[in-house]
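Have the sequence and the coordinates side by side. We will go from the model as a whole to its rings, and then to one helix.

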Amino acid sequence: MPEKVHTHFGDSDEDSFTQTPNPVSDQVAGQEIARKKRRSKKRKHDETADNTQPRNGESIPDPEPVPIAKPTIKEFTPEGKPGDIPQPPPTKTQVAKHETKSKPKSFSDTKTNFAPLRERANALYELRKKLPIFGHADEIRHKLRAHDVMLLVGETGSGKSTQIPQFLVNEFWCRPTPAQIPKEDGSTRSATVGGCIAITQPRRVAAITLARRVAEEMGTPLGSSSPASKVGYAVRFDTSVSPSTRIKFLTEGMLLQEMLHDPWLTKYSAVVVDEVHERGINVDLTVGFLRNLVSGKKEGRGGVPLKVVVMSATADMESLTGFFQEGFKIQEREQKHVSNGDAAEKKETAKEIAACHIKGRQFPVKTIYSPEPVHDFVDAALKVIFQIHYKEPMPGDILVFLTGQETVEALEHLVNEYATGMDPSLPRIQVLPLFAALPQVAQQRVFQPAPPRTRKVILATNIAETSVTVSGVRYVVDCGKAKVKQFRTRLGLDSLLVKPISKSAAIQRKGRAGREAPGQCFRLYTEKDYLTLDETNTPEILRCDLSQALLNMKARGVDDIVRFPFLTRPPREALEKALLQLLNIDALQDSGKISDIGLQIAKLPLTPTLGRVLLAAAENGPDCLIDVIDIISCLSVENIFLNTTSEEKKEAAEMARRDLYRREGDHLTMLATVRAYASENADRKAWAERHLVSHRAMQSVMDVRKQLRTQCRQAKLLPRDDGSNHTSDPAPILILQSFLRGFGTNTARLVPDGSYRTVVGNQTVAIHPSSVLYGKKVEAIMYNEFVFTNRSYARGVSAVQMDWVGEALAG
């Protein structure tokens, strides 16, 4: 079948459709049976196609509307009245084209039979109609026809994340539009602008899960599984889209990556920014760039407007409205400055910001506080889980909020251990972890229904707080804490700290129990402690290292950082520290402009420090680069080794991992582990169990390793023959010197009293007990992260020489 039949962006391929190909003539002679089947199917579909008129003047054929004409109208006009959407009438040429195209269209549908998907979509349509947001579809459409920016507050359970893109995808402004885009030399080039909707999410799991759900609701395959798929997603290390993708879910970081090579976002007609209330640093950057796009002249889009929808569950709409209006006012002032006349006309361009408030659908949730402060929330959560399981009726799954991968895995082990001794007459327990570093397949298990007579117990970090709905949850257990990044200005580096959550986060967590039925929320802290929590999350831009954000901005042509429209302006000291760090890793020139190395780092899906390590390794040859990729892949998960709690287990782990440990430290130990795991051809899971290594974490490591190798080949850092069967011995000195190019400031030297003091900042630091070098004395150490518990710990530690550190810091 011709590829073009699948392509939804029809304007550029119009000429190819004016001929009507005979799909059967190209078949190989002799395949008589297959041909007859196709003919009979084709005849049935053609009969349907003859009765089908192009809806709302659409001239672009679509593989799917023929058999699903009825649901398609329903999807985008809730009242089932297609005439409600005023759209331009079809021209004679378009009508003629439709007639010539109807047969290839039906043939395309024969080749891709989506009947089961359409049946599922029809069933889901009844559920969609019950969502609070569904009745607001027309209001939202009308507002976006009149305005380029809309702020939407959709309370928890309103259905905003899944429905908004479906409401907008068939709007007339959401089609690919031919445009003339000016070049630098003053000439213009023809291009097609728009045709796709981007929806950003703060977390990978939310982007993938929502894309899967919207694809089901629209009756289309997901991502790259079919050329006719209309819904796709893009997250770090995993992109799944097709030539026909019209709705694309992606993380904010991925949208920022796309802006590197397409600063005007010409692929998109609209960008929907979801979960703004979380105030991650990438959300703030995305909103800042979008404000510049919508309030600017749009010359890079050939004058085609970009629609922006900013969505939140709890955000302060006044500040967001003021933020966008300020952008329009600045543009208006600049226009007046250029030409003093036409003041009234200019004023019209500064359109008002549309706003919409959607009530949520929330069932009552009873809150049970801990009578006294809890010292060990893992132990307390274990007791509450079994208390619920013994006393509360089925159905009713349990969602437990914990701080990170380590606490999730510790509690997972305990629950499974206790569950083996349960009374067989009780329902079984299925324990499912959910954290960022979990492989995608394992993450998706959480969303599947539990087996009969089984209660799901989901142990999650705060990634389950917003966006994703885990069906079946009736009970939430909230530890009241989360791991947050905190930039230590004195040390000049990020630290992961376990801190109390905000009230708004506590309310979000509680709401997870009331999405489908009345529920209960068990808070492992007192009511008095709840009242002392901060009202909202502190914006990440105020508490984290800004080096990656500034590199993103510099790579996108923002040289004047001070004038960039930040939603919340970061402190000057943090900006200076970040610029200094970028200067230290050669990402910036002395003038402050981005360097060639900085541009290369910005294109990698890594932090600036790890990106610099990768480039330094590439300078030392492909063997060194492949080894460094293996280590960086390990650093993308929280811990590849299983936790050992008791002394006996620690000794057993020492014995089991003896052949993996390397005296140089944790980085070379990680490399040895990846190499041994990758070379295990018989049973990797059994190998992991023998060595007390997390098989689940290693699966993630292998995924990241594969993606990084591919990216390095694309960036020409690795030759095509990248040494997949790489067996040469690693070069520890070259590897550690490569790491020092990025982590030169993350070093400490041994002082006479036997402790380590940081080279930058002169702070006392101890080697973390989980390190291979714990209890050992070496001249100097390099570390990946700082952890603060009862004291300051360095994690991810390797032994280095002071003269290497001096060379790295000197550049």
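For residues 341-350, how many contacts beyond four places in sequence does the model have? There are nine, and pLDDT stays under 50 over residues 341-350. Here pLDDT is the predictor's confidence in each residue, from 0 to 100. Contact means heavy atoms within 4.5 Å. Residues 1-33 also have pLDDT under 50, and for them the model has 50 contacts beyond four places in sequence. The mean pLDDT of the protein chain is 81, with 81% of its residues at 70 or more.

This is a predicted model: local features need pLDDT of at least 70, side-chain atom pairs count only at pLDDT 80 or more, and totals for chains, interfaces and linings use all residues. Residues are numbered from 1 along each chain as its sequence is written, and side-chain values use heavy atoms, with hydrogens and water left out.

Now the whole chain. The protein chain has 28 helices and 23 strands. Helices (H or I, at least four residues) and strands (E, at least two) are DSSP runs, numbered from the N terminus. Of its 811 residues, 55% count as buried. Buried means under 20% relative accessible area, exposed over 50%, and partly exposed in between (1.4 Å probe, protein chains only). The chain exposes about 36200 Å², and carbon and sulfur atoms supply 51% of that area. Accessible areas come from the Shrake-Rupley method with a 1.4 Å probe; for residues, only the protein chains shown count as cover. Among contacts with a separation of 6 or more in the protein chain, 73% join residues 24 or more positions apart.

Next, the rings. The structure holds twelve aromatic pairs. Rings of Phe, Tyr and Trp (its six-membered ring) pair if their centres lie within 6.5 Å; planes under 30 degrees apart count as stacked, over 60 as edge-to-face and the rest as tilted. One of the pairs joins phenylalanine 134 and phenylalanine 167, edge-to-face, at 5.9 Å centre to centre and 70° between the planes. Phenylalanine 134 sits in the loop between α5 (115-129) and α6 (137-146), and phenylalanine 167 in helix α7 (residues 160-168), so the pair ties together parts 33 residues apart in sequence. Phenylalanine 134 is buried, at 3% relative accessible area. Phenylalanine 167 is buried too, at 1%. The rings of phenylalanine 386 and tyrosine 390 are tilted, because their centres are 6.2 Å apart and their planes are at 45°. Both residues lie in helix α13 (residues 377-391), four residues apart, about one turn of the helix. Phenylalanine 386 is buried at 8%, whereas tyrosine 390 is partly exposed at 46%.

Charges meet rings as well. A charge sits over a ring if NZ of Lys or CZ of Arg is within 6 Å of the ring centre and within 35 degrees of the ring normal. The charged end of arginine 291 sits over phenylalanine 323, 4.8 Å from the ring centre. Lysine 503 lies over the face of tyrosine 530, at 5.9 Å.

Finish at helix α14 (residues 405-419), where alanine 410 is found. Alanine 410 is partly exposed, with a relative accessible area of 30%. The buried residues of α14 include Val408, Leu411 and Val415. The buried residues of this helix pack against α13, β12 (397-401), β13 (428-434), β14 (454-460) and α26 (695-714).
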